[in-house]
Amino acid sequence: MTQPPVCSYEGSRYSTEFWNPGRAYEDGAERVAMRALLPPQGRRLVEIGAGFGRLADLYTGYDTVVLFDYASTQLEQAVGRLGEYGPNGKPHYVYVQADFYRQPFVTGLFDTVTMVRTLHHAVDAPAVLRGISRILGPQGAFILEFANKHNLKALLRYLLRRQSWSPFTSKPVEFAALNFDFHPRWMWRQLEAAGLRRDAIRTVSHFRIGWLKRLMATSLLVQLDSWVQPTGMLWQWSPSVFVRSYAGAGRQAAAEGEFFRCPECGAPLGSPSQTEFVCSCGMRWKRQGLIYNFRDPA
Ligand SMILES: C[S@@+](CC[C@H](N)C(=O)[O-])C[C@H]1O[C@@H](n2cnc3c(N)ncnc32)[C@H](O)[C@@H]1O
Ligand SMILES: [Zn+2]
């Protein structure tokens, strides 16, 4: 099977170059949405495409927090910022390097999955959503942020003929190589097809306008955004949309003690207490420092 291409963040300066002080408003607005949608507690949470762990402090109510990314340099930064232990002094963070098309987790493992600013790099978003649905346990929650093609700026640009693609058509648009904007209507269909039931929507970053961000205090803009975010249940015109959906109650939870599975063949491989994983299919995987590498075979 050929793998879809990956948008590489290996060696990128994402944490400082993208998240510069000029994006404090977006960071604040996203945190408001996450706090509103995230089940505050649980046993296991994974963030898919966690990068350098920008949002990890929101996950302290979970016993085990898995930060999952393709790029080793992003995970190394996360390790440097967060380490292994949680606020109560117990092992808390598990770092996993893998491809979101080939999840190395057993079925039904997680209470909560989050994905922020990451699905927009997926050529085959439905395949990623199916993979996420598989790793959710009974009534597991999935908090997804996606880039919205049906946003006011795109509408204006389209009407003024400054943009060739229509914000109204449901097909995803690749506005730059391996960067996609999605239509909410299309996304709702994909979530349903993956067996996930949508229950809450927040529109986010309504005030992502350069001069407004320079003119107004960040805290005030974030406050304004937090008041408007619940209108996402009615319509979606913002550049960023957060949606919470749930897996059904009839699913099977992962068996006690099971955690990883082979990304190559799907056979169960054991738990994070191991540092090496030898699969019956012949593949070998290793923990390097604090990072479990299920991207490159050992
Ligand atoms: C824009 S960053 C978002 C990071 C974090 N969620 C945040 O909001 O700060 C996107 C992340 O997705 C990761 N990514 C892209 N393609 C991936 C893939 N195929 N599998 C796993 N991670 C991937 C990148 O390495 C990058 O760290
Ligand atoms: Zn295998």
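Val 46 stands opposite Val 113 in strand E4. The two strands joined here are E1 and E4, which run parallel and share 3 bridges. This is a predicted model.

Strand E4 has a partner in E5 as well. Those two strands also run parallel, with 5 bridges between them. Thr 114 stands opposite Ile 143 in E5. How many residues of E4 are buried? The count is 6 of the 6, so E4 is largely enclosed by the rest of the structure.

**The sheet**

These strands belong to an open sheet of 10 strands. Its order is E8-E9-E5-E4-E1-E2-E3-E14-E13-E12, and the pairing is mixed. Strand E8 (197-204) and strand E12 (276-278) form the edges, each pairing on one side only. On average, neighbouring strands are turned by 15 degrees against each other, direction ignored.

Strand E2 (residues 62-69) pairs with strand E3 (residues 93-97). Val 65 stands opposite Tyr 93 in E3.

| Strand pair | Sense | Bridges |
|---|---|---|
| E1 and E4 | parallel | 3 bridges |
| E4 and E5 | parallel | 5 bridges |
| E2 and E3 | parallel | 5 bridges |

**Helices on the sheet**

Helix H2 (residues 24-37) packs on the sheet. It touches strand E5 (136-147), E8 and strand E9 (240-246). The direction of H2 makes about 155 degrees with that of E8.

Helix H4 (residues 125-135) packs on the sheet too. Its contacts are strand E1 (42-48), strand E4 (110-115) and E5. The direction of H4 makes about 150 degrees with that of E5.

Which residues of H4 are buried? They are Ala 125, Val 128, Leu 129, Ile 132, Ser 133 and Ile 135. Seen down the axis of H4, these residues fall within an arc of 165 degrees, so they line one face of the helix. Their cover includes E1, E4, E5 and helix H6 (184-193).

**Arg 13**

Arg 13 sits in the segment before helix H1 (14-18). Is Arg 13 buried or exposed? It has 11 other C-beta atoms within 10 Å, so it is exposed; the cut-off for exposed is 12 or fewer. Arg 13 and Thr 73 are 60 residues apart in sequence. In space, their C-alpha atoms are 9.4 Å apart.

**The ligand**

Ligand 1 is surrounded by 17 residues. The closest are Tyr 9, Gly 49, Gly 51, Arg 54 and Tyr 70. By type, the shell around ligand 1 divides into 8 nonpolar, 5 polar and 4 charged residues.

Terms used
Residues are numbered from 1 along each chain as its sequence is written. Chains are lettered from A and ligands numbered from 1 in the order in which they are written. This is a predicted model: local features need pLDDT of at least 70, side-chain atom pairs count only at pLDDT 80 or more; totals for chains, interfaces and linings use all residues. A residue is near a molecule or strand if its C-beta atom, placed from the backbone, lies within 6 Å of it. Ala, Val, Leu, Ile, Met, Phe, Trp, Tyr, Cys and Pro count as nonpolar, Asp, Glu, Lys and Arg as charged, and the others, Gly among them, as polar. Two strands pair if DSSP finds at least two bridges between them. Helices (H or I, at least four residues) and strands (E, at least two) are DSSP runs, numbered from the N terminus. Axes are lines fitted to C-alpha atoms, for helices over the stretch in contact, and angles run from 0 to 180 degrees between N-to-C directions. Two residues are in contact if their C-beta atoms, placed from the backbone, lie within 7 Å. A residue is buried if 20 or more other C-beta atoms lie within 10 Å of its own, exposed if 12 or fewer, and partly exposed in between; C-beta atoms are placed from the backbone. The arc is that of the directions from the helix axis to the C-beta atoms.
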